[in-house]
Amino acid sequence: MSEAQINATLAARNILTRLHDVMAARTNAQAKLNQVVDIIGDSLNSEVCSIYLLREGVLELFATRGLNQEAVHVTKLALGQGLTGTIAKNVETLNLAEATAHPDFQYRPETGEEKFHSFAGVPIVRMERAVGVLCIQHVEPRRYLEVEIEAMQTVAMVLSELIANAGLVDAQGAVDGGAELTHSQREIGFPLVAGLASGKAVFHQPRITIEHIVAEDVEAERQRVYSAFIKMREQIDKMASQAEFGKGGEHDEVLETYKMFAYDEGWSRRINEAIDSGLTAEAAIERVQQRTRMRMRQIDDPLLADRMHDLEDLSNRLLRIVSGQIGTAAQMGLRQDTILIARNLGPAELLEYDRRRLKGVILEEGSLTAHVTIVARAMGIPVMGRMRNILHQVRQDDHLLIDTNENSVLIRPAPQVIEAFEAKYLRSREKQAAYAALRDVEPRTRDGQRIDVLINAGLRDDIAHLAVTGADGVGLFRTEFQFLVSATLPQRERQLRLYRDVLDAAGEKPVVFRTVDIGGDKSLPYLREDGPGEENPAMGWRAVRVALERDGLLKVQARALIEAAAGRTLNVMFPMIAEPWEYDAARQVFEEQLAFLKGRKKMLPDRIRFGAMLEVPALAETLDLLGPKIDFLSIGTNDLTQFLLAADRAHPKLAQRYDWISPAILRFIRRVVKSVEPYDIDLTVCGEMGGRQLEALALLAVGIRRLSITPAAVGPIKAMVRSLDLEAATARMEEMLAHPPADMRGALQDWATNQGVELG
């Protein structure tokens, strides 16, 4: 430890010792707070120390050293107002060398704080909510050391206990509005794993209350943590070895990464440092966990945030072990059909549950690339994520209905709503059975046109859907998923093994491998670009741009793909090609690796077919240059649509603008169809657009004959194709694109209904 760290640790320990005496004293709460600000000011050599507490929905200055005493109980700030209000609202730490430079700074003249420049503040947290703020200030501009901030966080934990016991802050119900949780309501979330589910609400984890903050014997607390770490690692190893949902999938890599966190020395070191400052084992774990939560709120990188969730999952497990409160809902057992509710889950915790009773999961957070999502998908459990306040809107044993088709959760539904949902669930099962019956039926239109229906995939286990759905092949295999679930860059041997397994599982059916598409919203912590973050990552350093700059990445992947396809046909597609030279450069990497392996007498593919993804509209202007060079072209409608319409598909306010059945989108795709007609090219649409019946109808009507879609959409699309007179649809589309109706979607829907087209 550096001298500064040693001094800060000693200061924190001194503060804790003195605070212990203050809390034990027979004085009122206000007198104790007045002593606390003096103790902190002395120990951290701070010219100002202030405590704000949440009262009646606003932050009130309760005690200060250095500011005007007349401002105490007079200065009040709304949540989000000023620096202090921002800390409380976001439950985040601020560390500023010049407070006035922050956009949220507000000057309150009654405090007399105009002469102070530097500012640091930490939230006082109770039950994961900010109930106050602890601040320090200095006249001289300076950025506070990390160890000083950690000392403040330690003090904030003690203050949380003090002010809660004294009844100084709002009750939790007052903070949340105190609404009675008895009425029915519908909440919108983000579907992470598709499906319908019905069950009673069960909270994954009861809140653990830490009774003792200050350690009596530091070495004894350290030993308790050591013992808890040993027990936790044994539990993780045991669960990983007992995973029941198949072998060899990407979820195996997820569990290995999770185990890596369990054995991370940096994490255990931070907990030990917190114990050194005078905290009990429980308080030390909680302090490190609070810091993790604050960091998660500041992380824009979704993958890195998911890794932080794994670490917090382990923190929860460690805290339960060290406190002796190890019972979760999984340990207590599920007694009925259950919808599990959690702020977030780690993959190991999900594996503890009885799959016969666990019908669905609702998360306050969560993402499509989170480890728990990958495992839940492998287990076949519907998951709804990003339901921000679900923990405060639901009671234990409330009846819940999950409908990922509607992006919704129904809470405490009325009997007639439950009856309608059950009927919908039954219809869904019947419809799935009808679609399954189309497995061996060719997708041919009523007027005899054969349509190729392929699937999109990204996991080794996804290939099993070829046999289940009867799809014609894999039109898009997203190779980046292996990179997203790995803690480090996947080595060539691991990549080769995955690609070979995929080709083996596909048999005679073709597989199109898209080279790694990372960057943008799929950034990797082990492959990070130096410099400032991107304002619009979807249009920045991603996909083939990353692969060409980090050519070692593409070389390794090229060699792995070529070796995996020995004796077979290899289909390789390059993502986000904007200009033909990018395709040439990416293909050259493969040609060089092919020559290298040929020189090594390695067995090679019988043939390599190269293609590109048309996601960037600019590429459509040079198809006459690219067309003679490629074997196939795939239109990625997800990115293409947002680029054409300047509408972020994830932005809720732009959802109505992001419409695939618009004249601009359909005219653009029709132009691409005509542009590639002179060349011997397979043209495929491989975005979500092709997996929706009405949208797929529109694509067929403008000339598309190959669709690559999610496996679940194969049956519905086959049914639509077999009910369609394509010649009539093409004629109607030509009329609509020549003279677009005001409601293009509605007009096409009406036409399809009148024609008896199957639209679900």
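Where is the place of Thr-404? I began my notes with this residue, keeping in mind that the model is predicted.

**Entry 1: Thr-404**

I found Thr-404 in the loop that lies between strand E13 (399-403) and strand E14 (408-411). I then looked up its accessibility, and with a relative accessible area of 6% Thr-404 is buried, because the cut-off for that word is under 20%. Its side chain reaches the backbone nitrogen of Gly-195 at 2.8 Å. When I set aside the neighbours within four places in sequence, the contacts of Thr-404 were Pro-191, Val-193, Ala-194, Gly-195, Val-383 and Met-384.

**Entry 2: the whole chain**

I next stepped back to the protein as a whole, for which I noted 760 residues, 55% of them counted as buried. I listed 27 helices and 22 strands. Taking contacts between residues at least 6 apart in sequence, I noted that 68% join residues at least 24 apart. The exposed surface comes to about 32500 Å², and carbon and sulfur atoms supply 49% of this area.

**Entry 3: the sheet that holds E13 and E14**

Which order do the 8 strands of this open sheet follow? I wrote it down as E7-E14-E13-E9-E10-E11-E12-E8, with mixed pairing. The edge strands are strand E7 (185-188) and strand E8 (190-193), each of which pairs on one side only. Neighbouring strands here are turned by 30° against each other on average, with direction ignored.

Thr-338 stands opposite Leu-358 in E11. I also followed helix H14, which lies across strand E9 (196-203), E13 and E14 and runs at about 40° to E13.

**Entry 4: the antiparallel sheet**

I then turned to an open sheet of 6 strands, whose order is E3-E2-E1-E6-E5-E4 and whose pairing is antiparallel. Strand E3 (76-78) and strand E4 (94-96) each have a single partner strand, so one side of each is left without a neighbour in the sheet. The twist from one strand to the next averages 25°.

For the pair made by strand E5 (residues 118-126) and strand E6 (residues 129-138), I noted 9 bridges in the antiparallel sense. Ile-124 stands opposite Gly-132 in E6. Helix H2 (residues 29-43) packs on this sheet, where it touches strand E1 (48-55), strand E2 (58-65) and E6, and its direction makes about 60° with that of E2.

**Entry 5: helix H3**

Helix H3 (residues 82-90) lies across E1, E2, E3, E4, E5 and E6, and I recorded that it runs at about 35° to E5. Is H3 enclosed or open to the outside? It is largely enclosed by the rest of the structure, because 7 of its 9 residues are buried. I listed those buried residues as Gly-82, Leu-83, Thr-84, Gly-85, Thr-86, Ile-87 and Ala-88. Their cover includes E1, E2, E3, E4, E5 and E6. Just after H3, I noticed that Val-91 takes a positive phi of about 50°.

**Entry 6: two further positive phi values**

Arg-412 is not a glycine, yet it has a positive phi of about 50°. I located Arg-412 in the loop between E14 and H14, and noted that it is buried, with a relative accessible area of 9%.

Met-576, which is not a glycine either, has a positive phi of about 55°. I placed Met-576 in the loop between strand E18 (569-574) and helix H20 (580-599), and its relative accessible area of 3% makes Met-576 a buried residue.

**Entry 7: helix H25**

I closed with helix H25 (residues 711-722), whose 12 residues reach 18 Å from the first C-alpha to the last, close to the 16 Å expected at 1.5 Å a residue. H25 is mostly covered, with 10 of its 12 residues buried; among them are Pro-711, Pro-716, Lys-718 and Met-720. What covers the buried residues of H25 includes helix H14 (415-436), strand E15 (452-457), helix H15 (464-469), helix H24 (693-701) and strand E22 (706-709).

Conventions:
Residues are numbered from 1 along each chain as its sequence is written. This is a predicted model: local features need pLDDT of at least 70, side-chain atom pairs count only at pLDDT 80 or more; totals for chains, interfaces and linings use all residues. Side-chain values use heavy atoms; hydrogens and water are left out. Helices (H or I, at least four residues) and strands (E, at least two) are DSSP runs, numbered from the N terminus. The expected span of a helix is 1.5 Å times one less than its number of residues. Buried means under 20% relative accessible area, exposed over 50%, partly exposed in between (1.4 Å probe, protein chains only). Contact means heavy atoms within 4.5 Å. A polar contact is a pair of N or O atoms within 3.5 Å; within protein, one must be able to donate a hydrogen and the other to accept it, and residues adjacent in sequence count only if both atoms are side-chain atoms. Accessible areas come from the Shrake-Rupley method with a 1.4 Å probe; for residues, only the protein chains shown count as cover. Two strands pair if DSSP finds at least two bridges between them. Axes are lines fitted to C-alpha atoms, for helices over the stretch in contact, and angles run from 0 to 180 degrees between N-to-C directions.
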